[in-house]
Amino acid sequence: MNLSIKSALAAAALAGGALLLPLTASASELATGDYVGKTKAEVTATLEKQGYKINDIDQEHGKFEVEVEKKVDKGAADPSDIDIKIDQATGKIVKVEIED
């Protein structure tokens, strides 16, 4: 993980809140605007192919809300919990949030 990403994560931790993204692909491989799918099956397949474990996926108000986890780097002891919001009409990510 590069220094600027570590600094952003540390700042978010000190602020006591979640870090809102987009981050670079090296940090989470997910970014606002990325196409991941228009159906639950397509979203699930796309994210699992990228190495994410799907913990929950809900559909409401024209958006998918997906909770996933993935280790941030090879040295991480615990996986990162990540919330993703996807516009169902476009299949694109509109928000990515890393939970503390």
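Ground rules: I have a predicted model, so local features need pLDDT of at least 70 and side-chain atom pairs count only at pLDDT 80 or more, while totals for chains, interfaces and linings use all residues. I number residues from 1 along each chain as its sequence is written, and side-chain values use heavy atoms, with hydrogens and water left out.

Strands are DSSP runs of at least two E residues, and helices are runs of at least four H or I, numbered from the N terminus; two strands pair if DSSP finds at least two bridges between them. Gln-59 has Phe-64 in E3 as its bridge partner. Two residues lie between the strands, and His-61 takes a positive phi near 55 degrees.

Core: The largest nonpolar core has 16 residues, and Val-43 and Leu-47 are among those touching the most other members. Helix H3 (40-49), E2, E3, E4 (80-87) and E5 (92-98) each supply at least two residues of this core. My core rule is buried Ala, Val, Leu, Ile, Met, Phe, Trp, Tyr and Cys joined through side-chain atoms within 4.5 Å, buried being under 20% relative accessible area, exposed over 50% and partly exposed in between (1.4 Å probe, protein chains only).

Charges: I found one salt bridge, meaning a Lys or Arg side-chain nitrogen within 4 Å of an Asp or Glu carboxyl oxygen. Glu-97 forms this bridge with Lys-95, closest N and O atoms 3.9 Å apart. Lys-95 is partly exposed at 33%.
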